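Here are my notes on this model, point by point. Please read them with the coordinates open.

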Amino acid sequence: MKYVLGFDIGGTKSAVLLASPDKEHVVFLERKSIPTHGTWKEVLGCLADMGKAFLETHRISREKCCLGISCGGPLDSGRGVILSPPNLPGWDQVPVVSYLAQRLGMDARLKNDADACALAEWRYGAGKSCRHMIFLTFGTGLGAGLILNGRLYEGACGMAGEAGHVRLAEDGPVGYAKAGSFEGFCSGGGIARLARSMAEDALMAGRAVSYMKDGGLEGITARDVAEAADMGYADARNVLAVSGRYFGRGLAMLVDILNPERIVAGGIYARAGRFLKEEMEKELRREALPANVNACCILPSGLGEQIGDYGAVMAAMEIWEE
């Protein structure tokens, strides 16, 4: 039996997990997560110590295990280096593969999280049996993993799929260091910034804000907005409707350029897509070619909250399959 120690590195939290995968299933044996606080060495060192403890607890030798690392871009997967992702301030030129491989004594691979999760959805989730699929992270940030003609497409320098950097409006919430970007409107941080702006307008007009808690404007999060929307508050649903409208605009671009069979979205779309869907579909049909829209299904992640864990496993799978 072969095993994977998977590292899922995110802007808000990071996790390490132990799994036993095959071509049809993944059995998860253990998992722990920590906030992504402190220096990269502090975060990776803590995760590595947890991973080492997993191996000792389950009596698994290093010869039977390899490492998979999933992280948001930009990064250089060939060199195994993280290159200053916008959601990981201070993680500049981080030699993550060599650091973890030396610390744990086993082979390691690094993949962009959107690419890794695209492979996971394609093999195990909502993308099964299709040849042309896009996966969108829609979490702390927004990235795209591209499965084209039955294989992962990474581009000339491994940076294909950075859809979050595309500008959808002249102004708007900042995401990926750009105002009005796809990530600005369609990510956790972007929705929080959009909600703060709309809340400020409401307060100036003398209206109450359902999703503002004790932390005031600056304390508003995407989770607060989703919870208020779930309770039926119209102002919260309006925030998500705006996000949904721009999500549809971004999808129209992807649908017309790449003509996929399926677009699978994780994160916030998987959890709160019902509040985005109506405006998303209106904008998608308004902006994209009808034939391309009709050929494509927009689906939530089939792997749900475990998509990041599956992505970390997929980052290592090519070691076993070489």
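1. Handedness first. This is a predicted model. In it, helices α6 and α7 cross in a left-handed sense.

2. The geometry of that pair comes next. Helix α6 covers residues 222-230 and helix α7 covers residues 234-258. They pack at an angle of about 120°, and their axes lie 7 Å apart.

3. Which residues of α6 and α7 meet? On the α6 side they are Val225, Ala226, Ala228, Ala229 and Asp230. On the α7 side they are Ala236, Arg237, Val239 and Leu240. By class, this contact has seven nonpolar residues, two charged and no polar ones.

4. Now the domains. The assignment gives domain 1 as 3-112 + 306-321, and domain 2 as 126-302. Their centres, taken over C-alpha atoms, are 26 Å apart.

5. The domain interface is worth a look. Domain 1 puts 11 residues in contact with 10 residues of domain 2. About 800 Å² is buried between the two domains. Carbon and sulfur atoms give 48% of that area.

6. Two backbone spots deserve a check. Most residues other than glycine have a negative phi, and most peptide bonds are trans. The Gly73 to Pro74 peptide bond is cis, with omega near 5°. Pro74 sits in the loop between β4 (65-71) and β5 (75-76).

7. Phe138 lies in the loop that runs between β8 (133-136) and β9 (144-148).

Definitions and conventions:
Residues are numbered from 1 along each chain as its sequence is written. This is a predicted model: local features need pLDDT of at least 70, side-chain atom pairs count only at pLDDT 80 or more; totals for chains, interfaces and linings use all residues. Side-chain values use heavy atoms; hydrogens and water are left out. Axes are lines fitted to C-alpha atoms, for helices over the stretch in contact, and angles run from 0 to 180 degrees between N-to-C directions. Helices (H or I, at least four residues) and strands (E, at least two) are DSSP runs, numbered from the N terminus. A crossing is left-handed if the near helix is turned anticlockwise from the far one by less than a right angle, and right-handed if clockwise. Contact means heavy atoms within 4.5 Å. Ala, Val, Leu, Ile, Met, Phe, Trp, Tyr, Cys and Pro count as nonpolar, Asp, Glu, Lys and Arg as charged, and the others, Gly among them, as polar. Domain bounds come from an automatic or database domain assignment. Buried area is the accessible area (1.4 Å probe) that two parts lose on being put together, summed over both.
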